[in-house]
Protein chains: 2
Amino acid sequence: MQEIPEIVTSIKQAAELTGLTEDTIRYYEKIGLLPYADRKRNGHRVYSREQIQSIIFLTRLKATGMTLEEMKSYRELSSLDKDTVPLRLSILENHHHKIQNEISRLFEVQKIIEYKIDHYRKITQNPDLNDTNCTSTIKKDL
Amino acid sequence: MQEIPEIVTSIKQAAELTGLTEDTIRYYEKIGLLPYADRKRNGHRVYSREQIQSIIFLTRLKATGMTLEEMKSYRELSSLDKDTVPLRLSILENHHHKIQNEISRLFEVQKIIEYKIDHYRKITQNPDLNDTNCTSTIKKDL
DNA sequence: TTACGACTTGGAGTATACTCCAAGTCAAGA
DNA sequence: TCTTGACTTGGAGTATACTCCAAGTCGTAA
């Protein structure tokens, strides 16, 4: 992780720090996922360290399968008052739950893939094995 | 998981068994991800148990983020001869690797979310806490 | 025989998330 | 002053993965 300066003075730098493209950052602002950024006198965007960190957090949520709309709801609530804390909490809990399921699913598929890899390894290491036989076993679930 | 009959005689049933919609199954066949299915005399699609299982395996790969194009490449290789085994193997190994990374990423985000949930819980359980203080800590990375 | 329901086809339309472009502005250096 | 480069905007275009629709076919039940 790069050091994030106190103030980020160009969209290019913001893109580098967040891993998004400049276009994507502008797009996120356009659809209201990111708040309208402050501009310099010449109209160029400026970001505080906190803003950059909040963008990075969004990219993490995105990486876990949250849609832009869901992130938007969450962000909109975050900028409101105390009353929304239970709502924010439930969004996070909900998402936590989804990720847990996702992780379980991934582990299951991982096991299936490992089983297949094993079969293919056996075939390559022992070319005398009847391929028809092996692949048909594998082909059962492709 | 439902029992899969030896022969599945309607696309509706195939959809129920695989969790896809009828339209999606037709779409997959249209783009060549699924082989052209046998038809009854009236033109309706029929599937063997093995074909249903292979569709289910595809849905699992998809759930792990494999694109339709990647699945298509894999499937096309699977229907070819022994020479493609090393290739199939490398596709699987590659994907296995990707899923491993994905799982690590998910765990990391899970930790961040747990941290936030914790903070929000503290706020709700102790309403006397200065909210401004707490949310600002959280808001640092939104 | 006619109506009905379950399917068929090709093709158009949609949602999501970008990605690209043209035309314009502004500040700094030659 | 002119050019260059980094940005700005609104809007159009693209990729992926469906999703929907109109028109037609087939087999059974009344």
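Which element gives the largest share of the surface near DNA strand D?

1. Basis of the model. This is a predicted model, in which local features need pLDDT of at least 70 and side-chain atom pairs count only at pLDDT 80 or more, while totals for chains, interfaces and linings use all residues. Residues are numbered from 1 along each chain as its sequence is written, chains are lettered from A and ligands numbered from 1 in the order in which they are written, and side-chain values use heavy atoms, with hydrogens and water left out.

2. The surface near DNA strand D. The largest share, four residues, is given by α2(B). Helices here are DSSP runs of H or I of at least four residues and strands are runs of E of at least two, numbered from the N terminus. A residue is near the strand if one of its heavy atoms lies within 4 Å of it. There are 17 such residues, of which S10(A), R39(A), R45(A), Y28(B) and K62(B) come nearest. Of the atoms of DNA strand D that come within 4 Å of the protein, 68% belong to sugar and phosphate.

3. Residue classes. Seven charged, six polar and four nonpolar residues make up this surface. Asp, Glu, Lys and Arg count as charged; Ala, Val, Leu, Ile, Met, Phe, Trp, Tyr, Cys and Pro as nonpolar; and the others, Gly among them, as polar.

4. Phosphate contacts. In the side chain of R45(A), an N or O atom is 2.6 Å from a phosphate oxygen of DNA strand D. For S10(A) the corresponding distance is 3.2 Å, and for R26(A) it is 3.2 Å.

5. Three strands form an open sheet in the order β1-β3-β2, with antiparallel pairing; two strands pair if DSSP finds at least two bridges between them. β1 (7–8) and β2 (38–39) are the edge strands, each pairing on one side only. β2(A) and β3 (residues 45–48) of chain A are joined by two bridges, and R39(A) has R45(A) as its bridge partner in β3(A).

6. Relation of the two chains. Chain A is superposed on chain B by a rotation of 180 degrees with 0.0 Å of shift along its axis (RMSD 0.1 Å), by least squares on the C-alpha atoms of residues with pLDDT of at least 70 in both. The two copies are therefore related as by a two-fold rotation axis. Of the residues of chain A, I103(A) comes closest to that axis, its C-alpha lying at 3.0 Å.

How values were computed: A polar contact is a pair of N or O atoms within 3.5 Å; within protein, one must be able to donate a hydrogen and the other to accept it, and residues adjacent in sequence count only if both atoms are side-chain atoms.
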